[in-house]
Amino acid sequence: MLIETVSLKLELLCNGVSFTKDFLEYYQARTDHIEKRRPYGTGDSIILNSSTRTPQEIILDRQIIAAANYNPDSDYRITLEQETPVLKHGNRTMRITFPNRPRSYGKYLSNGELFEKHITAYGDSTLGIFSPGHCYYFNDGNECKFCSLGSARETLFDHKMRIKGDIAGEAVTMAIKEENGRYKRVLLNGGTIPNYDKGYSIHLDLLEQVKNTNLQSSLEYHLISMPPKDFRLFDRFKKIGNNMSMSLEVFNPDLFSEICPGKARDYTRERFLAAFEAAVDVLGRGNVYAGFVAGMEPLESIIEGIEYFGDMGVVPAVAAFHPDAGSQYYNRQRPSVDFLMKLGKKMSEIYRKEGFQPLIEGSGRNSLDTEAYLGGFL
Ligand code: SF4
């Protein structure tokens, strides 16, 4: 059953989903289901009117989380049958569910601001903080070409640009008080500022404050960040977080420069590789993750990358590319099911051989990590 469910997730990631009018009307009224929020990207091929509620994730077979990336041309359609949402493709009809809307959404913090200006529930069990909500690579058109952060923040103003540690800490306290046992972790991610050491240190300050405000909880703390230039800062992370991911995105050197020009120019691939080595020295094998986007380079090239990192003790974390409205690659093709299946299988082999765990187990809606860990690829 797991293999069929994982296969369906891949089909959804490779096609996106469309919604019928009936379903959209149903979802607009079902305020117990979570609505899509966009702290770091648009996530959809086309943005429906911002007041239209669409699902953020779909839960398949009550166990696998898949992104609900809207694509009006997709043959995978969410519709209603006997007033219940179902996913349809050709003659197939599949029962689906959605994560609950967090009880903290709509509640106010002590500074008078809404909880959800600071935190987005992600993949049902993760409290996501995204700060800063700007990346300087956008200033001169050198952003990663698949990234739609700039557009998401220009058109939708539903998140704070800079999140402060004290308020974020208070928001996390509220979330775990409202829904005891639901959340497993805090995930901090953010745009890049020109001073890499300062940007990384600001992330650590924020994470530390959130953690210190919630010492009684069993939450884990994860960071996705550009690496610092001063690798001694990894020692400080070790005292605060559980594990850390740095996104090289593309392994092939020429394609990395083409697709992530800001990272290639100002940080460089060589420094990235050195940062991974240094981070593993400090945090240990299996505690550092390398983020990739599947669909940016040939299969052999990304497989070479995940093997390279696996040997180094770095866990490959792979997300499937989706063409976001507002990104330079809004029109680019998604990867095929066959591509993701072969890649997932290779990831499974590496995870098993090295004893790796997924970064945010059960929560990565666009990623193959949990499914690779569970052995869900043919
Ligand atoms: S580093 Fe790249 S992917 Fe990350 S926010 Fe900046 S442009 Fe987007």
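Helix α10 (residues 299–312) packs with helix α11 (residues 337–354) at an angle of about 10°, and their axes lie 10 Å apart. Helices here are DSSP runs of H or I with at least four residues and strands are runs of E with at least two, numbered from the N terminus; axes are lines fitted to C-alpha atoms, for helices over the stretch in contact, and angles run from 0 to 180 degrees between N-to-C directions. That angle makes α10 roughly parallel to α11, a label for angles under 35 degrees. Residues in contact have C-beta atoms, placed from the backbone, within 7 Å. On the α10 side these are L299, I302, I303, I306, E307 and G310, and they meet F339, K342, L343, K346, M347, I350 and E354 in α11.

The model is a predicted one, in which local features need pLDDT of at least 70 and side-chain atom pairs count only at pLDDT 80 or more, while totals for chains, interfaces and linings use all residues. Numbering starts from 1 along each chain as its sequence is written.

Turning to the sheet, six strands form an open, mixed arrangement in the order β1-β4-β5-β6-β2-β3, where pairing requires at least two DSSP bridges between two strands. Because β1 (18–19) and β3 (64–67) at the edges each have a single partner strand, one side of each is left without a neighbour in the sheet. Strand β2 (residues 57–60) runs antiparallel to β3, joined by four bridges, and L60 stands opposite I64 in β3.

Two helices accompany these strands. Helix α2 (residues 21–29) packs on the sheet and touches β1, β4 (77–81) and β5 (84–89), its direction making about 75° with that of β4. Helix α1 (residues 2–15) lies across β2, β3 and β6 (92–97), running at about 10° to β3.

Conventions:
Parallel < 35°, antiparallel > 145°, perpendicular 65-115°, else oblique.
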